[in-house]
Amino acid sequence: MKENLFDIKDKVVVMTGACGVLGGTIVKYFASQGAKVVLLDLERASSIGEALVKEIAAEGGEAMFLATNVLDKQVLEENYHEVMARFGKVDVLLNAAGGNMASATVPPDKTIFDLDVDAVKRVTELNLFGTIIPTMVFARAMAESCRGSIINFASESALRPLTRVAGYGVAKAAVANWTKYLCAELAIKFGEGIRVNAIAPGFLLTNQNRALLTNEDGSLTDRSHTILAHTPFGRFLEPDELVGTLHYLASDASKAVTGTVCVVDGGFDAFSI
């Protein structure tokens, strides 16, 4: 029988930002495939995190939730030691923590001269350094074993500048650049067994962007109609449509793939007119 290159059973998967709409879908999927999952999120998400752990356990999976702060290296170091004490390794790191702020955008009634620079700095810090710092902590286990897969979360806005989201677009573009830099840095110094890639999701309806994409009555905003008019699929993506690409990048099926940004967007980035 041929080896199953997609087998991720017993891999230890650590995910930051694990308790949102996307995170919950992703960690449950990885657990269903036999991976041991570690959910990292803010203390205020602990009730959601513990509920996810119980749900995964009820399905026969193994998971743990740890409260964290992706901008605090000391807290992340404590998380790292807890993970290593329980599982002894880290095979996959999903850097999904991030977000946007309304004050880091340029709404239709404002101009670039009204942009809140401090808000842009905060959004950049969360998305970029919230990716860099967890990697500095958890990739240490990969460097010691000379094996692992890091998957960063970029965005459609990292590839094509989108109106309004000034700070978020800059931050996610930096994440894409960091991904390409880091893939070479780790491979050259620790071997070809460590890979770094990113996923660039298209448009999904999440708690973060729901107010931007839907009206109070649930109907689509003008911005949503513009997005869908430029999406060949003609619809928003569903969270579970990301897991196949993530599974591929986490598994040995992609063992020669590093430094890539995998676009999952229903054709948005490829479409012009």
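A residue is called buried here when its relative accessible area is under 20%, exposed when that area is over 50%, and partly exposed in between, using a 1.4 Å probe and protein chains only. At 18% relative accessibility, Cys-262 therefore counts as buried. The model is a predicted one, so local features need pLDDT of at least 70 and side-chain atom pairs count only at pLDDT 80 or more, while totals for chains, interfaces and linings use all residues. Residues are numbered from 1 along each chain as its sequence is written, and side-chain values use heavy atoms, with hydrogens and water left out.

Now for the sheet. Helices (H or I, at least four residues) and strands (E, at least two) are DSSP runs, numbered from the N terminus, and two strands pair if DSSP finds at least two bridges between them. Seven strands make up an open sheet with parallel pairing, in the order 3-2-1-4-5-6-7. Strand 3 (62-67) and strand 7 (261-264) sit at the edges with a single partner strand each, so one side of each has no neighbour in the sheet. On average, neighbouring strands of this sheet are turned by 20° against each other, direction ignored. Strand 1 (residues 12-16) pairs with strand 4 (residues 92-95) in the parallel sense over four bridges, and Val-13 has Val-92 as its bridge partner in strand 4.

Axes are lines fitted to C-alpha atoms, for helices over the stretch in contact, and angles run from 0 to 180 degrees between N-to-C directions. Helix 2 (residues 46-58) lies across strand 2 (36-41) and strand 3, running at about 170° to strand 3. Helix 3 (residues 73-87) also packs on the sheet, where it touches strand 1, strand 2 and strand 3, and its direction makes about 160° with that of strand 3.

What about the inside? A nonpolar core is a set of buried Ala, Val, Leu, Ile, Met, Phe, Trp, Tyr and Cys residues joined through side-chain atoms within 4.5 Å. The largest one has 33 residues, of which Ile-26, Phe-30, Val-37, Leu-39, Leu-94 and Leu-246 touch the most other members. Leaving aside residues up to four places away in sequence, the contacts of Phe-30 include Val-13, Val-37, Leu-94 and Leu-246. Another core, of 28 residues, lies apart from it, and Val-14, Tyr-80, Val-83 and Ala-139 are among its members.

Ala-141 belongs to helix 4 (residues 117-145) and is buried, with a relative accessible area of 7%. Ala-141 and Tyr-80 are 61 residues apart in sequence, yet 9.1 Å apart in space, C-alpha to C-alpha. Beyond residues up to four places away in sequence, Ala-141 touches Tyr-80, Met-84 and Val-90.

On to the aromatic rings. Rings of Phe, Tyr and Trp (its six-membered ring) pair if their centres lie within 6.5 Å; planes under 30 degrees apart count as stacked, over 60 as edge-to-face and the rest as tilted. The whole structure holds four aromatic pairs. One of them, Trp-178 with Tyr-181, is tilted, at 5.6 Å centre to centre and 35° between the planes. These two residues are three apart in helix 6 (residues 166-190), so about one helical turn separates Trp-178 from Tyr-181. Trp-178 is buried at 16% relative accessibility, whereas Tyr-181 is partly exposed at 43%.

Conventions: Contact = heavy atoms within 4.5 Å.
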